[in-house]
Amino acid sequence: MRIISGKYKGRSFDIPRNFKARPTTDFAKENLFNILLNYTDFEETKALDLFSGTGSISLELLSRGCEHVTSVEIDTQHFAHLKKCVSALGDDNWHVIRDDVFRFLRRCSASYDLIFADPPYALKKLAEIPDIVMNSTLLNEDGIFIFEHGKDNDFSKHPCFFRHIAYGSVNFSFFRHPQKEEE
C-alpha cells in the first residue's frame with residue numbers, strides 16, 4: 001500500500017498477507033481525493049476514518065496535511081498494523097482507536113469536518129451507517145461524510161445525499177447536512 005500524494009507521497013507500507021481488510025484501490029483513492037479538493041481545505045480539516053482497516057485513507061489524509069485524523073478499527077491485527085504505521089510516520093496528528101465503530105459513534109463527543117467510512121461490504125448494519133452519522137453531532141455543519149460501499153447499495157434517496165461516484169466495484173456516496181437558508 002502506497003501513499004499517492006502529499007508530504008508522504010511514495011511512502012509504502014506492507015500489508016500482511018492474511019489481512020481481512022481490502023484497501024481502497026489507488027485508482028479509486030486518487031479520484032476520490034481529486035474530488036475532495038473541491039470541497040475541503042485539508043490543512044484545516046479534522047477527519048474521522050471509520051473501519052480504518054489498512055489505514056490507506058488515514059495515511060492519505062495525513063499526507064495531504066489534515067490538522068488531525070482519528071482512525072477507528074476493532075480488529076486486533078488491523079489495529080496493530082495501524083499503530084505500526086503511526087510509529088513509522090511519527091505524525092502526532094494521527095490518533096488510532098481500537099473500538100467497535102458503532103460503540104464509538106454512540107460515545108464520541110468530538111465533531112469532524114470530514115468523515116470517511118469503509119465498512120465490510122457484507123456488514124449487516126451497513127445501510128444504517130449514513131443515518132447514524134448524519135443524525136449525530138459528529139459531522140460539523142459544513143462537513144462531508146463519504147461512505148464507501150458495494151454496488152448493491154443505493155443511498156440516493158437519503159435526505160443528506162448529494163453525490164455518488166463509482167470506480168469499478170468501489171462506490172462512494174457523499175452526504176452533507178442540508179444548507180440552512182439565511183434569514
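The lining of the largest pocket divides into twelve nonpolar, seven polar and seven charged residues. (Nonpolar here counts Ala, Val, Leu, Ile, Met, Phe, Trp, Tyr, Cys and Pro; charged counts Asp, Glu, Lys and Arg; the others, Gly among them, are polar.) This is a predicted model, where local features need pLDDT of at least 70, side-chain atom pairs count only at pLDDT 80 or more, and totals for chains, interfaces and linings use all residues. Residues are numbered from 1 along each chain as its sequence is written, and side-chain values use heavy atoms, without hydrogens and water.

About 470 Å³ of space lies in the largest pocket. A pocket is an open set of points on a 1 Å grid over the protein atoms alone, where a 1.4 Å probe fits, with protein on both sides within 12 Å along at least five of seven lines; lining residues have an atom within 4 Å of a point. Of the 26 lining residues, F51, E73, H78, D118 and P120 are the closest to the centre.

Look at F51 again. Most residues other than glycine have a negative phi. F51 is not a glycine, yet its phi is positive, about 60°. F51 is also buried, with a relative accessible area of 15%; buried means under 20% with a 1.4 Å probe, protein chains only.

Now turn to the core. The largest nonpolar core has 32 residues. Such a core is a set of buried Ala, Val, Leu, Ile, Met, Phe, Trp, Tyr and Cys residues joined through side-chain atoms within 4.5 Å. L32 is among those with the most contacts inside this core; contact means heavy atoms within 4.5 Å. L32 touches I57, F116, I146, F172 and F174, not counting residues up to four places away in sequence.

Methods: Buried means under 20% relative accessible area, exposed over 50%, partly exposed in between (1.4 Å probe, protein chains only). Grid points are joined across faces, edges and corners, and a volume is the space filled by probe spheres set on the points.
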